[in-house]
Amino acid sequence: MQLLPFQKEAVEKILEFCNSNNKNAKISISTGLGITQILTEAIKKILNKNTKYKILLLCSFQDDMLKWLETLSTENINVVDFLPNLKENGIFVTYYRSILMEEEFNYNFFDLIICNNLEFLDDTHIYPFFG
C-alpha cells in the first residue's frame, strides 16, 4: 500500500504515541483523507513490532465492522470478531452497540483503543474510553 506524505506522517504520529508513556490521545482524521489506509498501516506496524499488543477497533455500524474485518484480514493481521479468540497479539473489531450492551467490559485488556466515528457516542458512553 503506497501512502501519501501526509498519511505517512499520520502513521508515524500514531507510532510515536504507542511508543510513549502517554495513556490517552485523540487522533482526528477527516473523511476522505485515507483513514482506512492510515490505520491499517499503523496497526500492521504496531502488531509487527509488539508481540503481545492488543487493539480494540470500535466501529459505528456493523457494516463498518465487516469492512474493517475484510481489510485487515487481507493484511495478515490477527483480526477477530469474537473476543475469546484474541490470545496474545492482534485486533478485536466490533461495533459500539455490542460493547455498550456489555455491563462489565474490560477496556484495560487492550493496549490501544481506536474509536472510528466517535461522534456517535454521547458523553456517558465516551467516559469508559477516556475517563
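Me: How many helices and strands are there in the protein?

Reply: This is a predicted model. The protein has 5 helices and 4 strands, and along the sequence they follow the pattern α-α-β-α-β-β-α-β-α.

Me: What makes lysine 45 and glutamate 12 a salt bridge?

Reply: The N to O distance between their side chains is 4.0 Å, and the cut-off is within 4 Å. The pair therefore counts as one of the 2 salt bridges found in the whole structure. Lysine 45 belongs to helix 2 (residues 35-49) and glutamate 12 to helix 1 (residues 5-18), so the bridge ties together parts that are 33 residues apart in sequence.

Me: Why are lysine 45 and glutamate 12 called partly exposed?

Reply: Buried means under 20% relative accessible area and exposed means over 50%. Lysine 45 has 36% relative accessibility and glutamate 12 has 39%, so both fall in between and count as partly exposed.

Me: How do you know that lysine 44 forms a salt bridge with glutamate 41?

Reply: Their closest N and O atoms are 3.4 Å apart, so the pair meets the cut-off of within 4 Å. Both residues lie in helix 2, 3 residues apart, which is about one turn of the helix.

Me: Are lysine 44 and glutamate 41 buried or exposed?

Reply: Lysine 44 has a relative accessible area of 19% and glutamate 41 has 14%. Both values are under 20%, so both residues are buried.

Me: Why is the pair of phenylalanine 92 and phenylalanine 110 called stacked?

Reply: A search of the whole structure finds 2 aromatic pairs. In this one the ring centres are 6.4 Å apart and the planes are at 10 degrees. The centres lie within 6.5 Å and the angle is under 30 degrees, so the pair is stacked. Phenylalanine 92 lies in strand 3 (residues 90-95), while phenylalanine 110 is in the loop between helix 4 (96-100) and strand 4 (112-115). Phenylalanine 92, at 6% relative accessibility, is buried, and phenylalanine 110 is buried at 7%.

Me: What makes phenylalanine 109 and phenylalanine 110 an edge-to-face pair?

Reply: Their ring centres are 5.1 Å apart and their planes are at 90 degrees. That angle is over 60 degrees, so the pair is edge-to-face. Ring pairs link Phe92, Phe109 and Phe110 into a cluster.

Me: How do you know that the charged end of lysine 54 sits over the ring of phenylalanine 109?

Reply: The charged end of lysine 54 is 5.1 Å from the ring centre, and the distance cut-off is within 6 Å. Phenylalanine 109 itself is partly exposed, at 33% relative accessibility.

Terms used:
Residues are numbered from 1 along each chain as its sequence is written. This is a predicted model: local features need pLDDT of at least 70, side-chain atom pairs count only at pLDDT 80 or more; totals for chains, interfaces and linings use all residues. Side-chain values use heavy atoms; hydrogens and water are left out. Helices (H or I, at least four residues) and strands (E, at least two) are DSSP runs, numbered from the N terminus. Buried means under 20% relative accessible area, exposed over 50%, partly exposed in between (1.4 Å probe, protein chains only). Rings of Phe, Tyr and Trp (its six-membered ring) pair if their centres lie within 6.5 Å; planes under 30 degrees apart count as stacked, over 60 as edge-to-face and the rest as tilted. A charge sits over a ring if NZ of Lys or CZ of Arg is within 6 Å of the ring centre and within 35 degrees of the ring normal.
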